[in-house]
Amino acid sequence: MSSNQSVKYKKFVVAAASAALVASALAPVASAKEFTDTKGNTHEVAIDALSDAGVITGNLDGSFLPNKTLTRSDVVKLMGKWLVTQDYKVPTDYKTNMRFKDLTSSSNDELLQYAAIVKDNGVFNGSDGRLLAGDKITRENMAVVIVRAFDKVNDIDLVKYVAAQDFKKDVTDLGKAKAEARPAINVLDFFDITNPAAPAFNPKNTTSRGQFATFLYKTINADFSAIKAPKVDQVAVDAAAEQVKAGAVTVARGNYATDANKLAAVQAYVTSLVTEKDVVSTVVAGKTAGEYAVTLTKGEAKAEKTIAMTFDFAADDRFVTEVNALNATQVEVKFSTAVDKASLFTDGKSGAFKATVTLSSLDTVAAGTSTGKLSADGKTLTITTQNALSKRYDVVVDGLKSVTGAAFDKYESTITIAADKTAPTILGTEKVSASKVKVNFSEPMKAFTGVTFKYADGSAVTGVSGNIAAGAEEVEFTMTEDVNANKEIIATFIGAQDQAGNLMTPNPATVSFMKGAVDGVAPTVTSLTAINNKTVEVTFSEELASNPTLTGIDGTVTVSQDSTNKNKYIVKTNTAQSGLKNVTVTAGYKDLSGEIGAVYSKIVNFDVDTKEPKIVSNKVTTFEGVEYLELTFDEAVETSATLSTINVTGSKVSNFVTTPFTAVSVPVAKFVQNSSDKKVYRIALADLLGENDTKGAAYELTIKGQTASPATDVALVTDISGNLGPVSTKVNVTRNEDGTAVTTNKPVLDATVGTNGILVNADKTITVGFTVGAGQELDGASATNVNNYKFDGAVVKTAVLSPANAGKQVVTLTLQADSNQFTGERNVAISGVQLKNGLVMESFTTTEVLTENVAPTVTSAKLTDTNKVTLTFSEAVNTTAGTSDFALLIGGATVAANDAMTTATAETGVKTVVYTLETSVSAANITSGLSLKALSTLDIKDVAGNKLSVPANILVTQ
């Protein structure tokens with residue numbers, strides 16, 4: 001079309017349009033929805049076509065209301081639905097990522113979906129970041145929205161194209177439109193989407209539903225085939241697309257990060273890959289998890305690519321990633337990084353928990369005693385419970401540390417465990433020694449003693465023993481000398497069950513093994529050495545079948561195999577030995593083949609460590625913002641058993657002035673050992689200096705250990721052999737100041753409030769307690785946001801925040817009156833509450849029993865005798881005998897002679913109550929009109945304790 005064209009563009013009919021456009025055009029066929037109010041309407045054709053396409057819908061009563069004024073939210077929904085018909089997808093984060101600041105997650109769900117799709121695609125941008133959903137949309141804004149939408153779908157620039165055309169304009173009032181809208185109105189004018197017969201566009205007027213339908217319908221059927229995309233630099237964007245590859249990115253919480261954080265990490269990753277000049281990359285989430293759609297642009301050139309991404313944990317990620325039931329008595333807990341066994345287990349290895357690891361039943365199916373086992377990589381904990389698990393459990397994991405010594409986030413969640421229907425199986429056998437074999441099962445088993453043994457040839461076996469213990473995942477069979485070596489034995493299990501009662505499959509199940517022959521070489525003791533006066537190490541020529549027995553050592557003796565050298569055994573006693581001792585390894589110890597070792601004796605000198613520990617250095621160090629004096633000893637030490645206080649004396653120089661130093665007594669609890677280095681002790685300078693604490697001052701101090709009253713000097717530490725360390729030491733320190741410790745602790749619910757941080761009070765308010773940490777407090781906006789507290793079946797009306805006190809803070813919730821319609825247990829979710837420093841709590845879910853708060857009402861009041869009024873209530877209520885709950889009004893006024901109304905007896909759980917008047921009413925009284933008003937003494941309540949709700953006056957009828 002030439003620039004000097006004098007006639008206006010004439011569109012093709014739908015049948016003549018290009019194939020691509022015809023596919024998306026709407027033909028005026030018979031409507032799939034018969035609206036009751038569109039027949040004969042000037043917009044009927046457009047309404048029917050858009051209705052059939054699923055873009056518009058009518059009302060429940062069958063009407064369309066074509067003349068109703070269109071709101072901005074109506075336009076968002078209509079254009080959003082049309083984009084969906086063009087294969088555009090509603091963003092997955094539409095409910096968590098608000099595109100307009102006047103929408104919330106509780107806004108209309110349909111509006112949230114389509115607001116996200118039109119905003120993300122540049123169709124509807126809002127006003128100053130707001131949607132203004134209820135405002136009427138003007139015709140000029142409608143023009144802008146429609147043109148943007150068709151630019152997006154057809155990948156064209158209608159405004160640019162029309163601006164280059166020379167055509168006769170029909171619209172006569174373009175100058176009344178705002179500057180931003182004029183080009184869009186020109187587009188509608190050029191393609192005859194406006195009505196040439198009505199040249200006034202009226203840009204400031206509102207738009208009806210029917211008018212908008214016609215505008216959209218005509219635009220859909222317009223022929224845009226003549227418009228070509230401008231020449232672009234496609235080579236650069238295609239080259240950039242080749243640079244973009246799938247990969248892995250590091251992000252806080254790894255694959256458990258929020259969608260927004262993942263997207264930001266992928267965007268940064270893609271940006272780092274693209275080196276083509278002026279090429280811009282934009283990343284959005286793809287259709288499936290882990291997929292991301294990358295759009296690369298340079299000017300108007302564009303290339304698209306989809307990549308698969310994985311997410312690695314950040315270095316400081318320390319949290320529980322997931323909790324899953326394995327079987328009836330086992331739950332698997334996975335961690336983002338390796339856990340330190342010493343922080344998890346009492347013995348630092350496995351079994352009983354040192355940390356908090358609990359499964360609390362919500363359905364009276366107690367887990368019983370729990371033990372645990374950590375995987376070799378430290379990232380998976382298997383919890384084994386005493387009892388079979390079923391239904392819901394509150395899981396708490398707290399107090400853990402990583403292998404680097406950093407604390408894990410506390411984990412609290414509710415899981416549901418389905419009843420175990422999976423049958424146990426035999427996984428296989430494992431040779432323990434020549435005379436012992438272990439049979440492993442797929443899960444913990446019930447106690448079972450019915451194993452039978454035969455040789456493979458069917459002959460009887462004598463001398464095999466071993467039964468399945470309750471909760472065991474294995475059974476060890478021991479074979480005596482009566483068992484033939486190198487002859488296959490068949491063990492048969494008939495009726496063995498797992499902890500849930502599922503029979504082993506197959507049933508019966510069999511497994512075979514054999515006794516090994518002795519190897520002809522007896523084990524011997526290769527060394528026996530005193531490590532200190534409480535520890536002996538014994539090393540053998542080979543691993544033993546069981547721990548050896550030693551005599552000649554005083555006290556209670558325990559023996560354990562060394563974790564790294566299977567030939568070495570550690571012998572410990574609770575009594576310090578001294579001098580020479582004749583230590584004997586008694587005869588009868590066996591190697592794994594069953595060969596028996598001979599007795600071994602050695603004279604051992606237990607005076608192997610008489611050297612007292614010494615202080616080798618002291619320095620001032622800062623830990624978590626606090627200055628400490630750090631003392632380092634030449635060996636591992638522990639605090640002296642009799643040490644009670646540390647006495648500090650010395651001198652102080654501040655600003656070149658020497659001032660007296662007041663003696664300070666520091667409790668032993670302030671003298672703290674470094675958890676990762678047993679040679680180092682710390683004491684805070686603030687405690688060490690007491691009232692002498694001055695910033696910038698230099699001190700020469702003497703630190704001395706003392707017992708409790710009466711105070712006597714005592715060693716500060718002892719070594720593992722009991723040798724006493726120094727009683728005192730001199731140090732020189734210069735004091736700076738303590739900073740504010742940087743906290744990484746998120747707010748958590750305070751378990752001392754109620755049973756889980758939530759307490760339902762007698763007045764039906766709900767107290768939520770938080771632990772915020774010393775010096776911290778909750779962010780008031782988040783703590784008082786009622787949307788952060790979800791109680792199924794109830795509405796939180798207000799949240800009131802109390803001041804922080806001793807590291808804790810309380811929020812008091814009040815439920816909306818009449819919003820909680822039943823009494824019972826319901827799900828509770830608390831999330832989004834954060835500290836002032838920005839740390840946000842982990843989402844917390846639990847259950848809580850709430851009492852309904854729907855107030856009873858009076859449904860009728862009838863005069864049932866001349867001196868009696870019968871009240872009927874909306875539900876069962878309780879009353880008190882003789883109480884005056886109401887006053888009788890005659891003609892709207894109280895009459896002293898007969899205003900007293902009382903009940904004869906106390907009533908419990910009734911829906912009708914008869915009140916007796918002090919004086920009977922007359923016909924004149926009835927004519928004047930009778931009514932009731934509530935008195936301050938009214939004490940009628942429903943069975944849940946909700947007080948009767950009454951209007952100002954209750955009409956009494958006959």
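**Strands, a sheet and a loop**

Tutor: Strand E41 (residues 796-801) and strand E42 (residues 808-815) are joined by five bridges and run antiparallel. This is a predicted model: local features need pLDDT of at least 70, side-chain atom pairs count only at pLDDT 80 or more, and totals for chains, interfaces and linings use all residues. Residues are numbered from 1 along each chain as its sequence is written, and side-chain values use heavy atoms, without hydrogens and water.

Student: What makes E41 and E42 a pair?

Tutor: Two strands pair if DSSP finds at least two bridges between them. Strands here are DSSP runs (E, at least two residues), and helices are runs of H or I with at least four, numbered from the N terminus. E41 and E42 have five bridges, so they pair. Thr798 has Thr814 in E42 as its bridge partner.

Student: Which residue in the hairpin of E41 and E42 takes a positive phi?

Tutor: Ala806 does, near 55°. This hairpin has six residues between the strands.

Student: Why are E7 and E11 called edge strands?

Tutor: Three strands form an open sheet, ordered E7-E10-E11, with antiparallel pairing. Strand E7 (356-361) and strand E11 (411-417) each pair on one side only. E10 (residues 391-398) is joined to E11 by seven bridges.

Student: Why is Thr919 called partly exposed?

Tutor: Its relative accessible area is 32%. Buried means under 20%, exposed over 50%, and partly exposed in between (1.4 Å probe, protein chains only). The value of 32% falls in between, so Thr919 is partly exposed. Thr919 sits in the loop between strand E50 (907-917) and helix H14 (923-928).
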